[in-house]
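Let's walk through this model together, one piece at a time. Keep the sequence and the 3D view side by side as you read.

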2 protein chains.
Amino acid sequence: MTIQRVAIIGLGLLGGSIGLAVKEHLPEVATAGWDRDPATRVRAAERGLVGTVCETGTEAVAGSDLVVFCVPVGAIGAVAADLAAAIPADAVISDVGSSKLSVAKALAEALPGHCVIPAHPVAGTERSGPDAGFASLFHNRWCIITPPEGVDADKLAALSAFWEGLGAKVELMDPQHHDLVLAVTSHLPHLIAYTIVGTASDLEGVTQSEVIKYSAGGFRDFTRIAASDPTMWRDVFLTNKDAVLEMLQRFSEDLTALQRAIRWGDGDTLFELFTRTRDIRRSIIEQGQDDARPDFGRSDHAG
Amino acid sequence: MTIQRVAIIGLGLLGGSIGLAVKEHLPEVATAGWDRDPATRVRAAERGLVGTVCETGTEAVAGSDLVVFCVPVGAIGAVAADLAAAIPADAVISDVGSSKLSVAKALAEALPGHCVIPAHPVAGTERSGPDAGFASLFHNRWCIITPPEGVDADKLAALSAFWEGLGAKVELMDPQHHDLVLAVTSHLPHLIAYTIVGTASDLEGVTQSEVIKYSAGGFRDFTRIAASDPTMWRDVFLTNKDAVLEMLQRFSEDLTALQRAIRWGDGDTLFELFTRTRDIRRSIIEQGQDDARPDFGRSDHAG
């Protein structure tokens with residue numbers, strides 16, 4: 001099987017980027033898209049995010065051999081159920097959601113006879129909506145595919161080839177393990193960033209204006225992540241509850257240990273950790289997963 | 001008073017950047033520098049971080065009208081005491097440390113007869129050492145000066161003009177208030193980043209290799225901050241203990257509230273916070289304190 005026509009349901013950052021990446025890298029593949037928000041459909045058409053912006057989801061999925069749901073994970077089940085009758089029987093059903101156990105369950109329930117292969121491209125920015133997408137979003141990023149047991153090997157190969165065609169590197173993973181790994185590499189960092197930005201906004205001894213002025217001391221990095229789409233992230237935490245709570249518990253224990261070290265003036269404990277954490281940064285840069293330039297290259301633009 | 005000769009004690013990221021910025025923006029001002037590490041002195045001379053790299057601190061401070069200590073805050077008192085006899089009586093004594101109450105006390109004790117005016121340019125990167133500095137580090141960044149009561153107005157004006165000459169914007173602040181503001185905009189973010197990177201390295205269910213591979217989900221942002229200089233940051237936490245512990249307590253309470261919201265499936269609480277945190281990001285960008293490009297502009301370099 002080779003994918004020839006893709007339906008993209010939801011035309012925000014991820015859906016839009018898939019459409020643009022297909023146009024750039026797989027021009028022989030046709031794309032049709034739909035978004036429930038009429039204003040997003042208008043903007044998607046103006047930007048040419050997909051070949052055809054449809055007025056209904058039913059039109060978008062008609063004749064497609066791959067349907068990718070790019071809506072918040074909490075909404076996937078209902079949106080898929082609405083389109084169940086219109087989706088071709090042999091189409092591959094996939095998504096881009098950040099939690100995978102719950103999505104696998106929701107899609108299997110909504111589309112019982114279909115071949116459901118959930119996926120998660122680990123890529124994104126803090127922007128959302130139809131203006132946020134761009135064709136290179138998936139370049140050199142990992143796309144984790146979590147195939148169910150007994151998956152159709154041809155269809156899995158076609159989905160993998162599709163993501164590789166968009167510039168991504170594909171990894172297969174058990175959905176439960178995916179949810180644990182992403183809880184630490186993505187969900188916990190977002191939760192912490194949202195928390196500290198909230199904490200900083202609610203102080204009585206320090207004004208919001210001071211927090212903004214002196215944010216270059218480190219705080220501003222957290223505000224970028226904490227500007228991410230609220231609906232998407234609410235759904236991630238609600239659908240990956242167990243893994244997030246486990247990671248949060250470990251983080252809180254570790255933070256308490258550091259708090260104790262600070263209170264008791266135990267500089268050795270602090271120094272030991274602060275030294276150890278440098279190595280991970282080095283590996284991330286070596287593996288092309290972040291910019292090597294200091295301060296994310298911001299300083300190049302200073303002034 | 002106009003500053004004509006600056007002694008820079010410590011030639012790492014901050015000391016080196018001051019030297020380079022003086023050369024670029026205030027070429028009429030002479031600079032002399034010293035670092036206790038001989039290898040750093042060699043590299044500082046090769047890069048031309050200061051006009052004269054001296055073999056001793058005593059030589060560096062001789063004849064200077066401004067001495068800036070650019071060493072970890074825990075070391076400032078001892079380094080200043082060593083040089084006390086050599087520092088000209090009418091020189092302004094300052095620093096670049098991230099905590100100010102303890103530095104003010106240490107410098108006042110080490111140099112009793114001198115005019116001590118502590119300062120903190122809120123600028124930096126995750127790099128350290130003599131190769132890390134660059135001339136534009138202070139462009140459009142705030143430099144907080146915490147003058148003691150009864151400060152010599154002429155000397156304060158000269159120090160302010162010096163920092164403005166390097167491209168910074170100057171703000172005067174009470175040292176205690178400085179320490180509280182920076183605890184939230186800089187110290188707490190660093191502590192949290194160090195913690196989460198430590199937590200992620202110590203999991204048994206998720207390998208370090210997985211953490212690195214999928215770090216683009218948000219984790220990689222924290223690794224940049226957690227790659228900062230361990231000695232500097234150990235000293236910051238030990239010297240700004242009270243304010244850091246207060247902010248940490250508030251952060252932990254807020255995190256516990258979110259943990260509870262996740263456990264009980266309270267999406268409204270999550271959504272409300274996640275919406276509120278977007279505004280601060282917007283203000284930081286409007287005030288020129290961060291890059292407006294999505295993902296810090298990383299995506300421009302994707303591929």
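Start in chain A, where A:Gly33 stands opposite A:Val53 in β3(A). That spot belongs to the parallel pairing of strand β2 (residues 30-34) of chain A with β3(A), which runs over two bridges. Strands count as paired here if DSSP finds at least two bridges between them. The strands and helices themselves are DSSP runs numbered from the N terminus: helices are H or I with at least four residues, and strands are E with at least two.

Before going further, a word on what you're looking at: this is a predicted model, in which local features need pLDDT of at least 70, side-chain atom pairs count only at pLDDT 80 or more, and totals for chains, interfaces and linings use all residues. Residues are numbered from 1 along each chain as its sequence is written, while chains are lettered from A and ligands numbered from 1 in the order in which they are written.

Now zoom out to the whole sheet of chain A. Six strands line up in the order β3-β2-β1-β4-β5-β6, forming an open sheet with parallel pairing. At the edges sit β3 (52-53) and β6 (115-116) of chain A, each pairing on one side only. Across β4 (66-69), β5 (92-95) and β6 of chain A lies helix α6 (residues 153-165) of chain A, running at about 45° to β5(A).

Hop over to chain B, where six strands form an open, parallel sheet in the order β3-β2-β1-β4-β5-β6. In this sheet, strand β1 (residues 5-9) of chain B pairs with strand β4 (residues 66-69) of chain B in the parallel sense over four bridges. Look there for B:Val6, which stands opposite B:Leu66 in β4(B).

Next, some helix packing. Two packed helices are described by the angle between their axes and the distance between the axes. Axes are lines fitted to C-alpha atoms, for helices over the stretch in contact, and the angles run from 0 to 180 degrees between N-to-C directions. Take helix α4 (residues 76-83) of chain B and helix α5 (residues 101-110) of chain B: their axes come within 8 Å and cross at roughly 20°. So α4(B) and α5(B) are roughly parallel to each other (angles under 35 degrees count as roughly parallel, over 145 as roughly antiparallel, 65 to 115 as roughly perpendicular and the rest as oblique). On the α4(B) side, B:Ile76, B:Gly77, B:Ala80 and B:Ala81 meet residues of α5(B), including B:Val103 and B:Leu107. Being in contact takes C-beta atoms, placed from the backbone, within 7 Å.

How do the two chains relate? Chain B can be laid on chain A with an RMSD of 0.0 Å by a turn of 180° and a shift of 0.0 Å along the axis (a least-squares superposition on the C-alpha atoms of residues with pLDDT of at least 70 in both). The two copies are thus related as by a two-fold rotation axis. Both use the same surface, as 100% of the contact residues of chain B recur in chain A.

The contact takes 96 residues from chain B and 97 residues from chain A. On the chain B side, α7(B) gives the most, with 19 residues.

Conventions
Contact = placed C-beta atoms within 7 Å.
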